[in-house]
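Subject: Structure handover

Hello,

Here is the structure I promised to pass on. Have a look at it first, and then read on for my notes.

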Amino acid sequence: MAAMVTVLAAISQKVTVVSSSDLQPVPQCNIYTADKTVSVVTDQKGIADITAFKATDVLIFSHISFVTKEVKKSVLTQAENIVEMDIASINLKEVVFSANKVEERYVEIPARIDIINSRQIQAGNPQTTADLLTQNGTVFAQQSQLGGGSPVIRGMETNRVLMVIDGVRMNNAIYRAGHLQNVITIDPNMLDRVEVVHGPGSVIYGSDAMGGVMHFYTKNPILTTNGKFYSSGKLMMRTSSASDEYSQSFSLNLGGKKIAAILGGSTKDLGDLREGSKRDSKYGDWGKSLYYAERINGKDSMMVNSDPLIQKHTGYSQYDLFSKVLWKPCNSFSLLLNAQYSNSSDIPRYDRLTEMSGGKLKYAEWYYGPQTRAMVSVRAEFTNANALYDNASITGAWQNISEDRVSRSFGKSKKKHQEETVKIFSVNADFMKKIFGSSELRYGLEGNFNHVDSKAYNQHIVTGVVTNDAATRYPDGGDKMNSFSAYASNSWEVNQNLIFTQGIRFSMVSLEAKYTQEMMDLIKFPFDATMTQDNTALNGSLGLVYMPEGGWRIAMNLSSGFRAPNIDDLTKLNDSNSSDQLIVVPNPDLGPEKIYSADFTLGKTIGEKLQIEVTGFYSILQDAFVIQSSTYNGQDSILFDGILAAVQSMQNVEKATIYGVEARLTAKLIKHLTFLSNLSYTKGSISEGDVPLDHIPPLFGMTSLKYELKQFNCEVYSRYNAWKHIEDYSPSGEDNEAYATPDGMPSWYTLNFRAGYQFSKYLSLQAGVENILDTHYRNFASGISAPGRNFMATLRAGF
């Protein structure tokens with residue numbers, strides 16, 4: 001792909017390198033001659049001084065994200081000093097950070113990793129970070145309400161996959177085994193990059209990283225590199241029709257030679273979501289919002305929805321703030337302060353609000369109270385090579401997470417409040433040392449300390465009187481969960497075609513949960529008021545990457561992972577998500593679950609024209625966590641919230657298996673036209689009785705055609721899911737059979753279009769329409785229908 005080069009007189013002997021697609025500067029672009037006797041690097045504004053080059057030199061412009069180009073200096077000095085570079089559709093120089101917490105070339109890593117860079121984030125124009133993860137068709141997401149999105153990787157969800165932001169793990173002691181909405185507390189507008197590691201990552205990240213790791217990297221402050229004070233800013237305004245969305249965001253960077261800061265924030269207001277109108281007549285009114293609750297003259301009334309395509313009580317609002325301050329007094333040391341805060345309005349739990357009981361709505365109210373996430377971290381980085389390390393980083397972080405659940409049965413005056421607060425302190429120390437010339441040793445230590453407070457009460461909606469006669473979700477005496485671990489990994493470059501990796505990690509996890517005597521008397525638990533556990537795990541990995549001639553790449557990876565029971569797994573008392581007649585009770589005897597996984601990847605790249613990669617994986621879960629029928633005080637059913645419910649609990653099953661295939665194809669059809677397709681298939685079952693395992697999505701994927709010119713791009717794409725037949729649903733209830741059709745969740749596809757135009761380096765406009773055919777569909781296990789035809793527009797400005 002030829003780079004577009006425009007030239008004008010350059011008396012100053014300086015050159016500015018920009019992206020041809022959006023005219024934004026390209027910092028850290030290497031400019032050198034073929035013999036590399038002279039080289040320079042562009043600064044934060046994409047500018048470099050080329051005075052040192054001879055007039056007859058051919059300058060090579062190279063950047064990991066762009067197509068390398070060659071330009072004669074004599075041409076530059078006769079014309080405008082701007083070089084426009086095209087983004088590489090097939091990028092063999094892509095680097096990743098998440099696999100081993102150090103910078104590595106993607107092709108040298110045996111694990112499958114998806115990379116979403118800043119330009120892709122902006123082009124995708126997502127409403128939430130859950131939307132961002134699913135846009136390329138490699139991550140699946142379940143959704144119970146508009147303010148949600150629970151990522152699934154290789155058939156594992158919530159606390160079986162790990163979320164990390166800026167090196168700090170987000171998973172905490174109450175991340176549940178069901179469906180989780182915490183990913184929406186990350187604002188997509190503050191992200192610089194996302195990396196999704198497929199498969200166990202416990203060697204590097206510890207407990208929970210069984211299905212994979214999602215590592216979110218926020219934007220960093222930029223120091224000036226030319227001695228002059230540097231400032232830049234961005235504004236974004238977005239609107240969309242399906243949910244009457246209005247969103248805004250801003251960011252401001254101020255950079256000196258040694259200190260820089262970035263500050264950003266966003267607001268988001270969403271109304272009730274409109275679903276698609278084109279539906280299969282076989283399933284009648286399935287998915288329609290026929291009724292909703294409204295309180296009129298002090299009485300709950302079941303109202304008929306005048307437009308059943310509008311899913312009543314789905315809207316919410318949210319705001320997010322983030323800031324970073326970087327201090328770099330010398331080349332070998334830097335200190336980064338990172339603060340983030342997210343807060344929402346009440347978020348209605350739409351699936352629960354549609355449940356019926358005895359011909360009327362079951363709930364008049366059911367919502368998550370304002371969900372907040374606060375984080376402050378300090379990261380010190382050292383690059384003063386010595387006997388212990390070549391570079392090192394130490395990160396300390398504090399987090400405060402608040403989750404409330406508020407519900408009131410239809411026609412009742414008591415509103416139940418369940419309020420959870422989690423405080424987390426963590427510390428990570430990571431080191432890298434080159435040894436024996438061709439090996440890189442990475443090692444580190446990690447500690448995490450969780451404290452959980454759980455409260456519950458009932459409040460009369462008329463009198464306001466509060467009574468402490470509601471069961472808490474978790475033990476109410478103060479709960480703790482702590483972990484300590486050490487790891488080491490090594491990458492040995494046997495030769496230029498063969499790389500061998502090894503890793504090992506030892507982890508210790510302790511848990512203590514206490515009930516007060518008042519709660520023991522209320523619930524009448526058949527076990528001790530205090531539950532304790534101490535678990536250890538030893539995990540390892542072996543990987544091999546072979547890159548023979550001809551563009552082939554063969555990778556094999558063997559890895560193990562584990563998950564220690566957390567407070568939610570062990571102690572939760574909760575009515576099931578999908579049935580009026582199920583109750584999940586604590587199980588103090590639950591032990592850790594383990595995974596042993598094998599991956600094989602075969603890839604082929606033909607120049608800059610074609611890249612195909614297919615990964616097959618097979619995983620064995622030992623002592624897997626599965627919700628199954630149980631007893632409580634010797635009874636298989638108990639009365640809970642006035643309903644006789646069958647008793648279930650989280651239990652270890654001897655063995656379960658998950659296997660599947662992940663494939664992706666990128667093809668440069670002609671100079672400006674790129675074809676991209678991703679496809680994922682997963683199958684999982686409990687070995688005893690061949691019972692379907694929960695959270696296993698159907699076949700899903702995405703296919704697109706993207707056309708790019710100078711300052712303009714457009715894309716036609718389709719997202720699709722195969723059938724999930726009812727016989728393939730798990731009997732645990734986690735697959736939410738109640739929100740599907742009698743046959744299961746139907747297959748679907750959408751046709752979509754988006755385009756963008758860069759008016760100047762300071763102003764751009766994006767527009768598009770999703771679900772052009774206005775198809776009605778739901779993602780597997782979801783209790784809310786997806787958006788119908790959705791028109792979007794986004795205006796971006798900067799300086």
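A word on terms before the sheet: two strands pair if DSSP finds at least two bridges between them. Strands (E, at least two residues) and helices (H or I, at least four) are DSSP runs, numbered from the N terminus.

With that in hand, look for the open sheet of 4 strands, ordered β4-β3-β6-β7 with antiparallel pairing. Its edge strands, each pairing on one side only, are β4 (39–41) and β7 (69–72). On average, neighbouring strands of this sheet are turned by 25° against each other, direction ignored. That angle is taken between axes, which are lines fitted to C-alpha atoms (for helices over the stretch in contact), and runs from 0 to 180 degrees between N-to-C directions. Strand β6 (residues 58–62) and β7 run antiparallel and are joined by 4 bridges. One place to check this is valine 58, whose bridge partner in β7 is lysine 72.

Some background on the file: this is a predicted model, in which local features need pLDDT of at least 70 and side-chain atom pairs count only at pLDDT 80 or more, while totals for chains, interfaces and linings use all residues. Residues are numbered from 1 along each chain as its sequence is written, and side-chain values use heavy atoms, with hydrogens and water left out.

Now the chain as a whole. Its secondary structure comes to 7 helices and 55 strands. The C-alpha atoms fill a box of roughly 90 × 60 × 45 Å along the principal axes. A compact globule of 799 residues would have a radius of gyration near 28 Å, and the chain agrees with its 27 Å. That radius is taken over C-alpha atoms, and the globule rule is 2.2 Å times the number of residues to the power 0.38. Of the 799 residues, 56% are buried (under 20% relative accessible area; exposed is over 50% and partly exposed in between, with a 1.4 Å probe and protein chains only). Among contacts (heavy atoms within 4.5 Å) with a separation of 6 or more, 67% are between residues 24 or more positions apart.

Which residues does serine 507 touch? Serine 507 sits in strand β38 (residues 498–514) and is buried, because its relative accessible area is 4%. Not counting residues up to four places away in sequence, serine 507 touches Phe484, Ser485, Asn535, Thr536, Ala537 and Phe562. Threonine 129 belongs to helix α3 (residues 129–134) and counts as buried at 0% relative accessibility. Beyond its neighbours within four places in sequence, threonine 129 has contacts that include Val183, Asp187 and Phe216.

Finally, the aromatics. The structure holds 15 aromatic pairs (rings of Phe, Tyr and Trp, its six-membered ring, with centres within 6.5 Å; planes under 30 degrees apart are stacked, over 60 edge-to-face and the rest tilted). Tyrosine 319 and tyrosine 341 make a tilted pair, 6.1 Å centre to centre with 45° between the planes. This pair links distant parts of the chain, 22 residues apart: tyrosine 319 is in strand β26 (residues 316–330) and tyrosine 341 in strand β27 (residues 333–344). Tyrosine 319 is partly exposed at 35%, and tyrosine 341 is partly exposed at 29% relative accessibility. The rings of tyrosine 757 and phenylalanine 759 are edge-to-face, because their centres are 5.0 Å apart and their planes stand at 75°. There is also an aromatic cluster formed by Phe140, Phe700, Tyr729 and Phe780.

Best wishes
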